[in-house]
Structures are given as C-alpha cells and as structure tokens.
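Student: I have a structure on my screen and would like to learn how to read it. Could you go through it with me, one feature at a time?

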Amino acid sequence: MYPEEYLYSREHEWVKVDGEIAVVGITEFAQTELGEVVFVELPDVGQLFDANDEVGTIESVKAVAEFYTPVAGEIVEINEIIVESPEMLNDDPHQDGWLIRVRYSSESDLAELMDAAAYEKFIEGEE
Amino acid sequence: MGSDSHRYLPTGSLDLEEMLEAIGVASVDDLFSTLPAAVRLTEPPAVEGPLSDQELRRFFRGLASRNLTPGEDVAAFLGGGAYRHETPASLDHLLYRAEFFSVYTPYQPEVSQGTLQAIFEFQTLISMLTGLPVANASMYDGASGFAEAVLMTDRVKRKRHKAVVSRGIHPEYRATLESYVQNLDLEVVEVGWDEQGRTDAAALERAVDDDTLCVAVQSPNHFGVIEPWEVAARAASSCDALSIAVVTEALSLAMLRTPGDAGCDIAVGEGQSFGLPVGFGGPYVGFLATRDEFKRAIPGRLVGETVDAEGRRAWVLTLATREQHIRREKATSNICTNQSLCALAATIYLALHGRVGLARLAEINVQRAATVRRRLFEAGDGLEAAFRGPIFNEFAVRSARPVDEVLAEMREAGVLAGVPLGPDYPELEDCWITAVTECNPPEEIDRLAAAAARMARTGTVETGAGR
Amino acid sequence: MTDRPSTTPEIAWRNEPLLFERSRPGRVGVMLPPSGVEERPLDELIPAELRRGDLEELPELSEVDVIRHFTRISRKNYAIDLGLYPLGSCTMKHNPRINEEVVRYPGLSQIHPYQPEETVQGCLELMWHLERVLVELTGMQRVSLHPSAGAQGELAGVLMIRKALEARGENRRYLLIPDSAHGTNPASAYMAGFQVKELVSNDRGTIDLEEVVREMSDEVAGAMITVPNTLGVFEDQIVEIADMLHEKGAFLYCDGANFNAYVGKARPGQMGVDVLHMNLHKTFTTPHGGGGPGAGPVAASHRLADHLPGSLVERAEDGTFRLRTPSDSIGRLRSFSSQFGILTRALCYILSMGGRGLAQVAENAVLNANYLRKALEGTYHLAHETPSLHEVVFSDRTLADTGVTTLDVAKRLMDYGFHPPTIYFPLIVHGALMIEPTETEGKEELDAFVAAMKAIAREARESPELVREAPHETPVRRCDEARAARQPVLRWWPAEEEAAE
C-alpha cells in the first residue's frame, strides 16, 4: 500500500526524493479521509517555503484540508493536471496524483519524516 | 403543567401523560433539571396573550392605522434605495405555498429540488441582467452585499488595503461598509462628484494606486444620475484592482448598460424592486454577480447543476467549502441564512414580466420620471434640478426655501415629495430626491405638480388636498 | 415500509423545464398600466451609450405558464406542512398563518422606510413592543432589532465586544469558542478581527470552568458559548464562566440559536450573558423560506448596551416614538432599520402564545426531544449520557459494522416520508445525527418517526444495499455533488452558446 522508498509526514504527506528534488503528495489514507476531491489549489512555481508551511488546499465536497510541505525549499514544478482533474488525487494519490516538486534546502527536514512501516503504524492510531 | 391546550401545540393532556410515562419522569419540570436553580424562572414571563386571531388582527390593524400609507392616505414619491413597484397578484399566491415558505435551506437536494431549481433560475436571471456569468443565491440586502463585495476583493487582492468608493453610493451602504471593516486592516477612501452629479472621474483616477483593492461606483447613483460604469472599470484596471458596480434600483438593469458589458468585475445591489414590498425597510434581497475566475471567492450560497444516480438533471448547493459551516473562521463570509424566499419572489416577478414586460416597465418609469422632473421645474420658481445628468426614475431637486419646510408643506397637501439629502450630504442641504414609478398614477403626478406650483406662487400650499 | 401516507407526490413533474426552456416568443405574464404621460423618444432621455440592448435572454411566459411552473417545482420540496422536519439546531416548527396575514396589511407592508417619523408611528410602536417583550424574555437591558439574520447578529455582538474594549483602551486578540459551536461563530469572530482559541468539550459534552481558566489570559476578549449547546445540553457552569470572564474584564457572548429550549423558563440576562443574538426564524416561527429571510436581533447587558447596532426605538413623554442611535454604536450593518416584516411576524407569534404559552413551547420542545431520545437510545448510540433539552444527538457507532453511513440513514428517511435530521454536526460526534423535533409535533408523528428510524436500523443489517442506495421514492435519486463542484454549472446557457464552448 505505502511505497517503501517514500518518506511520510504526520500530516499525511508523502515525499519521494529524486536527487536534489523532493516530490510531494498526499497519502492514500489522507485521500480516503477527504472523500471525493473536487478542487486543488497549489502554490506558484518559484515560491519559497519553510518546512511545514501551508502551501495549498485540497477540497472535497464537504471538507477542506490544508496541505503542507514537509521540506523547506523552492517550488520548481506543480502538477497542472491535478488542477484540471482533481479526481486523480482519489484514483492515484501516490503516483499521478503528486502535487508539487520542491528543490529542498536541507537534508535535516527529511530526517524528521517516517518510513513506510512507521507511517502504517502511525495511521493505525489515527483510525 | 403543559396540559393547557394551544392551537400551535399538538400535545394534548393524554399525550403528555403517556409521553412522561415513556420517558420515565413525573413531570416536564424534571426534564429541566440541568438548569441551575439560580437561573430558573418560577413564574412565566410577563408577556401579553395568548391572543386569538381576531384579537391579533385588531392589534395589528390598530398599528397599521397609525401609519400614513402611500397609495391610500398619501401620494409618495420616495426612493433612496427602496422603490414602490406594483406586484402581480399571482406572485403572492405562489409565495404562500408552504412547499416554498416553510422549508429549510436545501441541504438535502433529493427533497429540495423545487427550491434549488428556483435559485438556479434566480442566479441565471441575475447573470442575464448584470452581464456577469456567476451570481450567488442572494445576500441579505444591497448594503451588506456591498460590504461583502469589498471583502471579496480583499480575498482576491491580498496584501492591498484601500477601497476607493464614490460618494454617489447610497450613504447607508457606505456606512455599512465602515461597520464591516472597522477592525480589519482596510482603509476606505471616498471620492466626490462633478457638476453633472456623476462621480468625479479625474478625482477617481487620482485616488487609486497600487495599494487599491477595488473601485466602487453606483448607477443610478444616490442623486438618481446614471453613471457610465466604464469610469469604475477604467480606474480599477489602471492599477490592477477590481471594479464594483453598485445598483440600488434593480429595475434600471432592464434599461441601462450592464456592468459586465462595461468591464466591471463585480455587480452587487438591492433586488427589492423585483416584487418585494417596501415594508418599512425589509426583508429585501441582495444580489451579487461576478466573473467566472472569482467564483471561489464569492460569499454566500451557490446552486449548481448536476445529475442524480439515474443520470437525470438535478441541482445541488455547491462549492460549499467556501462557507462557514465547513471552513469556519477561514470562510469567505459568515453568512448562513440568506434571503431565499425573497429571491424566489424576484424570480417569479421576473418570470411574469419577462423580456417584454420588464423592458416596458422600465420605460414607463423613465417616461414618468422625466415628465415629473420637467413639470416640477416648470411649476415652481423656487425649484430647480440639482444636477443635469441623465436619470432613470429618480432625481435631485434643489429648493430656494428650506427643504424641511417645503416637504412639510407638501405633506400637508397629501404628498410625500422626496427624501432630504442634507442629513447625509451637508453640502446638499438645500436638496432632496424624488422618485417616480408606475405606482404613481397621473393623478398623483398632478397633485405633486399642483402642490409645487402653489408653493412657488404663495410661498405656502393650501392644506386638505390629500387627507 | 410503514403505512404513513406518501409525502412525495406520485407525479412529481420530474422533468419540469427551466423558465428559459419554457419560454415562447410573444408571451407575457403581466398587464402594465399606460405611462399616462406624453412619451418622448428614449434617446432624448438617456443617451444610447448608457443603455443596454434588448432583454432577449429573459423568458417570455404567460401568467398560466408561470403559475404552473412554480407550482410544479414546489411539489418536489418536502415542507413542514407535510410532516416532521427534525433538523437539529434549525428549529423547524409550524409557521402560523395569522403571521402571514397581518404582515400583508397595506398599512404595514406599503410603508416606505424614509417616510417622516410622524407618519410611521405604527411601525415604530410595533418595534418598541417587540423590543419590550424580548427584554422581558431575555432579561437583557436593550435589544437592537437591526441585524438581518443570526450570523449578522453574531457579527454585531463581537463588534460590540471589540468596541467596548476600545473604549477602555484595550486591544485583546482572542475569543474562546467551544469545539461544538456553529461554524458562524468562528467566522463572525474572524470578520470582527479576532483570532479564535478553541475550547475542548468534556465527556459530558459541556465546557468546564477549568477549561476556560486554562485558556484565559489578558489577551482574551471573551467567550462565545451556545446555550444549550449544539448537543442539546445545558452549559451548567455558565454562571461561573460568566463570573470568571467578568473578573478578568472579558465578556460572555451567548449564541441564542437554541433559545427554543428554555424560552420562558430561564433568562440569559440572569446567567451573566453580556450579549445575545436570537434567530426570529427559529424560536419565533417566522418561516425559513428555503434559507431566509430571517432576522437576528441582538440583546445587550448594561455593559454593552451603548454599543448596539442600528437604531433603537424610544418612546417620548408625549407617547410618540422615534428612532435613536446608541451613544457609542458599532454602526449600521444594513440599509434601513431592520427586517421589519420578520419582526411583525415574530411579534404576532409572541402575542399569540403569551408568557405562559412561550414557557410551554420550551416544555413541549424538551418533552418531544426526550421522548425521541428514550425511544431510540437502544437502537442508535447516544453520543452523550447528559440529559438533553430540545435536541438529541446520536453517533453512527451502532452502524459501524453494517457499511451503512449516517448519510445513508438520512437519505433512507426520505423514503419513509421524513426530512432527515442534521447530519455530521456537531463535528465532535462521529457521524452525528442531530434531531430536534420542536414543540409543534404531536405524539403520533414522533411515533411514526421512531418506527422509521428503527426500520432503517433493521434494514442496515438485513438489506444494507437498500439503505446505501436510498432514496428510492424521491423526485430525484442521490445527486452527484462531486460533479457539481468539479465542473461548476452555475446558470443556464442557451443551447447555441453551449455548442460554441
């Protein structure tokens, strides 16, 4: 369910490290809790954020969730397709449903995150 | 306890007994045990009643008789944001349907399609009249709608702090805005008018800068003068701000260039003219329309089209995540209950008048107002037009003699000739505004002109022409 | 299914088109008077560049068409006249018809708001009467009838707190709001420039004094508390909380949305409340109208009365009435004085009940809620054991292993001829079903509702699909809300423009 090579935050974001770039999305658990996603608001490319800053919002029919970046850095790309087809976040949250690509500024942010096993244990407590 | 019979309380004495037994308590008072004794009343409150329907009719007729009723006791030419228009009889009959008036906000679409379809039609009609593609399900009234429109531009243009508004906007709308923003980091800058009675375009251009959120102009403005919306649109676009078109006489939308056509970003106003009685100030219905790109910043409810599980067309409340019950303190507004039934009245009114009726009604207003303006100024030496700009159904009158004196004398002659401007505009203390609609038949117009003529001739009018 | 008569008509006019689709050229639904004046060419009166083109988009319909259209679509609505409408915290009660009659008297409905005060003495007297009875019922010092609805009354209330602090030269940042509060509370607080600190409810569903003490500081302007709260539970420490706030120079705001639970039985003024708004469309029977109009009078203690919004009616020694603005008012929140037509209906209702009758309203509302609670508590899981007043909240715990959700139960209730209760609110109860029957329901209606709720609980175990796919009997089946939000269609467009898109 949760890819081994990803890292996970307590706010239910996942991070895939790809060289100096971190790809960020929300987890399967998060999309199930939200229900049918209808709208995604993402930051602008080029914006700078600290770790755990709010960078966007995800709206379902009956709920709104803020979405945070687990790593500090500059936004280098956003997923334009998800803005057009928000349902992709429900269908494939861990791959095509990625949200932002960040040029991260510090390895230490990554150290704060959980691996897949720890995250699975973490969400057992949330349910 | 609780056994007294009342027409609105279906629980009879036998029911009470059975229900208390089922609950397992001896008396109804036992159910209030969580109220601290210190705050519990030992005696019922001292409120008159219960009254029968007959007694209630007598009481309210008594109150009504202590008012002077336009159209019955007096000829009234009053506007200033509330306009008397004739209401087709069929409208009220439809509003009386319990399926419309005794229902809640349509949160459950499967049993609320009637309300939802009607609101969707209202949104469509407002969109057609304003020339802007997205209209909401209604605001409380024009004034709070105006304040909400300014707050809306604050969400679109974050980090800007200045709202530039014309003094031609209804004084109570501007006062409402001041109340709404009194604790927010937002400054309101007001701009005056030119000799035509229109917003001073040059001053408006000077007032805007890169800290400006929005530029707001009303047409017809509070002096009745028709403003070109382009003035607001141009000033706003010069500094990348949003333009707000304010309308207090919604019927004018049937005749005048639409805000959308002129390039405005938001149209907001009062829809009372569409089938709602002036009713001493409310309830009325505010409307708000905007461009498609701002639809997620819009306050209040929106109805959207969708399909049901069998693929049939249906309507639902949508984009609800903007609203307070989901987003709480981050909502686009705190508005919850709006003016749904009043919006329904407007929808029925517009459906009955339709393409031909609404256009003709607007023209009747224009023709009568133009005639009254001409006759009034022909009649009296002491009266003249305060401004020369074109008007819809209202205009400002300047009087050589004190306004209060003249209006009081006219009232003695059975005419309420207008609303004084002095209280809100000290520099116009010698002016009032007169409104003319299809509710002022030719004989009322004659009465007004005659009173004005006698006043000019004698310095005072004879009494007794009215009541 | 029960043998309750169907409340959805057999022929529901399912495909009644939109007004615009019904339009036929050359039809009109009104007869207008002649202008009666010598008409001039429009171009002489209003330059062409200031005018619009033809209203060609507007529909063309006869009176018959319009009456049929709206009558048909009205039949797709459930209404209080058809049966129980148990929306928790919404107080959907019977709307007396005498209210509707008197408000239409021309001597009230045709009065212009800018008539001179001497010519509107009846209107002012009516408002004066209403303020007096609301003062009597709330125990507060003064009541402004100005706000347009509950949320605007709330905004007025928090602005008044802000103003009073300013007058003392203080600028406090926070308002304390319980996690069970209506969403309008934090939204109003924010609009007044406050930040919100959330108070956590205890396991009885109420707010402890200790919780308020914990969050209290010099930066706290006050607390906004709903009495009884959205669980239908009376905040039994309200007096102590008020005393503590006052000691620290802060204020107590009471959300009066649930006033129906104790009208005539207790007065907020005696609980230490400084400011309170009321929803006249809840407690005082003015019709909800499909979402308004309402009215939200705001009442103040002596601490805040000078800051009330709009104008108050004063009676002079000679018996005449006039409008006066309070000395340090927060200002106006709307044009003109008030939702006068709503005030008229509310006063009519209050006089039709009398003091004893109003106390009986609260008694019967609480009786009905407790009757439902007792009848359903074995079948559905009661969120809190604390005694209920006017409403009762169940959670979805007993449904957990059925695959049926609270939403499904709500939809299935429609098939049994009932409007569903409020669902998923308050947020602190999982899968909440919030039921408020009000006092205007008789025992047989409550019994029929209980039977339906029990039948649905049975169905959830025996034939869950039936419940999950509900409703089956309504004019439309379950609606696709995600589709509506993903590609919003917010108005009708003529067919050719659709094709061009």
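Student: In what order do the elements of chain A run from the N terminus on?

Tutor: Helices (H or I, at least four residues) and strands (E, at least two) are DSSP runs, numbered from the N terminus. In chain A the order is β-β-β-α-β-β-β-β-β-α-α-β-α-α, and that comes to five helices and nine strands. Please keep in mind that this is a predicted model, where local features need pLDDT of at least 70, side-chain atom pairs count only at pLDDT 80 or more, and totals for chains, interfaces and linings use all residues. Residues are numbered from 1 along each chain as its sequence is written, while chains are lettered from A and ligands numbered from 1 in the order in which they are written.

Student: What do the confidence scores say about chain C?

Tutor: pLDDT is the predictor's confidence in each residue, from 0 to 100. Where it is low, the predicted coordinates should not be read in detail. Chain C has a mean pLDDT of 94, with 96% of its residues at 70 or more. The model as a whole scores ipTM 0.95 and pTM 0.94.

Student: How does the radius of gyration of chain A agree with that of a compact globule?

Tutor: The radius is taken over C-alpha atoms, and the globule rule is 2.2 Å times the number of residues to the power 0.38. For the 127 residues of chain A, a compact globule would be near 14 Å, and the chain has 13 Å, which agrees. Its C-alpha atoms fill a box of roughly 35 × 35 × 20 Å along the principal axes.

Student: And what about chain C, with its 501 residues?

Tutor: Chain C has 16 helices and 13 strands. Its radius of gyration is 26 Å, close to the 23 Å from the globule rule, so chain C is as compact as a globular protein of that length. The box for its C-alpha atoms is roughly 75 × 70 × 45 Å, again along the principal axes.

Student: How many of the residues in chain C are buried?

Tutor: A residue is buried if 20 or more other C-beta atoms lie within 10 Å of its own, exposed if 12 or fewer, and partly exposed in between, with C-beta atoms placed from the backbone. In chain C, buried residues make up 61% of the 501. For chain A the share is 39% of 127 residues.

Student: Which strands form the open sheet in chain B, and in what order?

Tutor: Strands of a sheet pair through backbone hydrogen bonds, either parallel or antiparallel. Here, two strands pair if DSSP finds at least two bridges between them. The seven strands of the chain B sheet have the order E2-E8-E7-E6-E5-E3-E4, with mixed pairing. At the edges are E2 and strand E4 (187–191) of chain B, each pairing on one side only.

Student: Where can I see both directions of pairing?

Tutor: For parallel, take strand E3 (residues 162–166) and strand E5 (residues 212–218) of chain B, joined by four bridges. There, B:Lys162 has B:Thr212 as its bridge partner in E5(B). For antiparallel, look at strand E7 (residues 266–270) of chain B, which five bridges join to E8(B); B:Ile266 stands opposite B:Thr290. Strand E2 (residues 134–135) of chain B is also antiparallel to E8(B), through two bridges, and B:Ala135 stands opposite B:Ala289.

Student: Why is strand E8 of chain B largely enclosed?

Tutor: Five of the five residues of E8(B) (residues 286–290) are buried, so the rest of the structure largely encloses this strand. In a regular strand the side chains alternate between the two faces of the sheet. In E8(B), B:Gly286, B:Leu288 and B:Thr290 lie on one side and B:Phe287 and B:Ala289 on the other, and all are buried.

Student: Last one: how many residues of chain B are in contact with chain C?

Tutor: Two residues are in contact if their C-beta atoms, placed from the backbone, lie within 7 Å. By that rule, 172 residues of chain B touch 169 residues of chain C. Helix H11 (residues 340–379) of chain B gives the largest share of chain B's side, 24 residues. That side has 89 nonpolar, 50 polar and 33 charged residues, where Ala, Val, Leu, Ile, Met, Phe, Trp, Tyr, Cys and Pro count as nonpolar, Asp, Glu, Lys and Arg as charged, and the others, Gly among them, as polar.
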